[in-house]
2 protein chains.
Amino acid sequence: MSTVLENVKLLAPHAGDCCSLATAPLSADDAEQMAGRLKALSDPTRLRVLSHVAAQGCDAVCACDLTETLDISQPTISHHLKKLVEAGLLTREQRGKWAHYTVVREAFAELRQFLALD
Amino acid sequence: MSTVLENVKLLAPHAGDCCSLATAPLSADDAEQMAGRLKALSDPTRLRVLSHVAAQGCDAVCACDLTETLDISQPTISHHLKKLVEAGLLTREQRGKWAHYTVVREAFAELRQFLALD
DNA sequence: TCTTCGGATAGACATTCATCGATACGAGGA
DNA sequence: TCCTCGTATCGATGAATGTCTATCCGAAGA
């Protein structure tokens, strides 16, 4: 539990507003933060999940839609959704008995900025 | 050896000119390709290495500089440089007995495009 | 040709991680 | 208060990965 909370605290807020790859010596701490967020993107299953959510633009997507559409077991999808939320790439919202997810657009803007070489 | 060659063939050429996260159902193959490139970026040591190379702009960086600057063993740096080259993020050039590395700017442009949500 | 030295490879080890079946939790309805 | 069902967690397992020491390769110089 403490691990999860620490990760959220570490990754979620402003993970990318500090630095870019092109700014010369990337500190070990900054590298750790950005690597954490990029690691959340480095799995094909998570990319497919993200794609489905991102395709809805600003609308939220029900987890049940994902379990149906993709050929992946429900625990696995739940696991990946949790990782994406912890990385600050998705937000979760409970509506009745359904969980809905939305992309965090600022997180992607920060990532694109980090990957700029100018 | 064949594994390395296959990865190069798989990842290096135009891995990102096909798709974006926002384009609805990301195919399993596309997800695999992009995840491979992102996985190369998901390690803090590799980000620090990349940062040092990227800071030189279009100039090549000698591997010996990296071994001196960062507090990481020479085989480890060599290992990471190889991964970055395989992912198409760096190019390697041998000059005499020294190896020089340069960032592949198009690869980063493709990544930024992939992470755009529009 | 022998020596030196930068860099890559081999092999080992510990750690992380993706995945799944089984199960627990929790909200809504009967 | 039970039942149903969507979702999260647990536990296990096999695979991938980062790091190191030791060693090898290959180019330049004496």
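Two strands are taken to pair if DSSP finds at least two bridges between them; strands (E, at least two residues) and helices (H or I, at least four residues) are DSSP runs, numbered from the N terminus. The model is predicted, so local features need pLDDT of at least 70 and side-chain atom pairs count only at pLDDT 80 or more, whereas totals for chains, interfaces and linings use all residues. Residues are numbered from 1 along each chain as its sequence is written, chains are lettered from A and ligands numbered from 1 in the order in which they are written, and side-chain values use heavy atoms, with hydrogens and water left out.

**View 1. The open sheet of chain A.** Three strands of chain A form an open, antiparallel sheet in the order S1-S3-S2. Strand S1 (61-62) and strand S2 (90-95) of chain A are the edge strands, each pairing on one side only. Six bridges link S2(A) to strand S3 (residues 98-103) of chain A in the antiparallel sense. Within this sheet, Arg95(A) has Trp98(A) of S3(A) as its bridge partner. Arg95(A) also forms a salt bridge with Glu93(A), at 3.4 Å from N to O; a salt bridge is a side-chain nitrogen of Lys or Arg within 4 Å of a carboxyl oxygen of Asp or Glu. Relative accessible area sorts residues into buried (under 20%), exposed (over 50%) and partly exposed (in between), with a 1.4 Å probe and protein chains only. Arg95(A) is partly exposed at 41%, and Glu93(A) is partly exposed at 37%.

View 2. Chain A contains six helices and three strands, which follow one another from the N terminus as α-α-α-β-α-α-β-β-α. Of the 118 residues in chain A, 47% are buried. Contact means heavy atoms within 4.5 Å; among contacts in chain A between residues at least 6 apart in sequence, 58% join residues at least 24 apart. The salt bridge shown here is between the side chains of Arg37(A) and Glu110(A), with an N to O distance of 2.9 Å. Arg37(A) belongs to helix H2 (residues 28-40) of chain A and Glu110(A) to helix H6 (residues 105-114) of chain A, so the pair ties together parts that are 73 residues apart in sequence. Arg37(A) is buried, at 1% relative accessible area, and Glu110(A) is likewise buried, at 15%. Over all chains, the structure holds six salt bridges.

**View 3. The interface between chain A and chain B.** Each chain contributes to the contact: 34 residues come from chain B and 34 residues from chain A. About 2,800 Å² is buried between the two chains, and carbon and sulfur atoms give 73% of this area; buried area is the accessible area (1.4 Å probe) that two parts lose on being put together, summed over both. Arg112(B), Leu115(B) and Leu117(B) supply 22% of the area that chain B buries against chain A, more than any other three residues. Between the chains, eight residue pairs are in polar contact, both residues being at pLDDT 80 or more. A polar contact is a pair of N or O atoms within 3.5 Å; within protein, one must be able to donate a hydrogen and the other to accept it, and residues adjacent in sequence count only if both atoms are side-chain atoms. On the side of chain B that touches chain A, helix H2 (28-40), helix H3 (44-54) and helix H6 (105-114) of chain B each supply at least two residues. The residues of that side divide into 23 nonpolar, four polar and seven charged. In this division Ala, Val, Leu, Ile, Met, Phe, Trp, Tyr, Cys and Pro count as nonpolar, Asp, Glu, Lys and Arg as charged, and the others, Gly among them, as polar.

**View 4. Salt bridges across the interface.** Two salt bridges are found across the interface of chain B and chain A. In one, Asp118(A) meets Arg105(B), with the closest N and O atoms 3.6 Å apart. In the other, Arg105(A) meets Asp118(B), with the closest N and O atoms 3.7 Å apart. Arg105(A) lies in helix H6 of chain A and Asp118(B) in the segment after H6 of chain B, so the pair joins two chains. Arg105(A) is partly exposed, at 32% relative accessibility, whereas Asp118(B) is exposed, at 81%.

**View 5. The surroundings of Ser20(B).** Ser20(B) is placed in the loop between helix H1 (2-11) and H2 of chain B. Ser20(B) is buried, with a relative accessible area of 11%. A polar atom of the Ser20(B) side chain lies 3.2 Å from the backbone oxygen of Ala116(B). Apart from neighbours within four places in sequence, Ser20(B) is in contact with Leu26(B), Gln113(B), Phe114(B) and Ala116(B).
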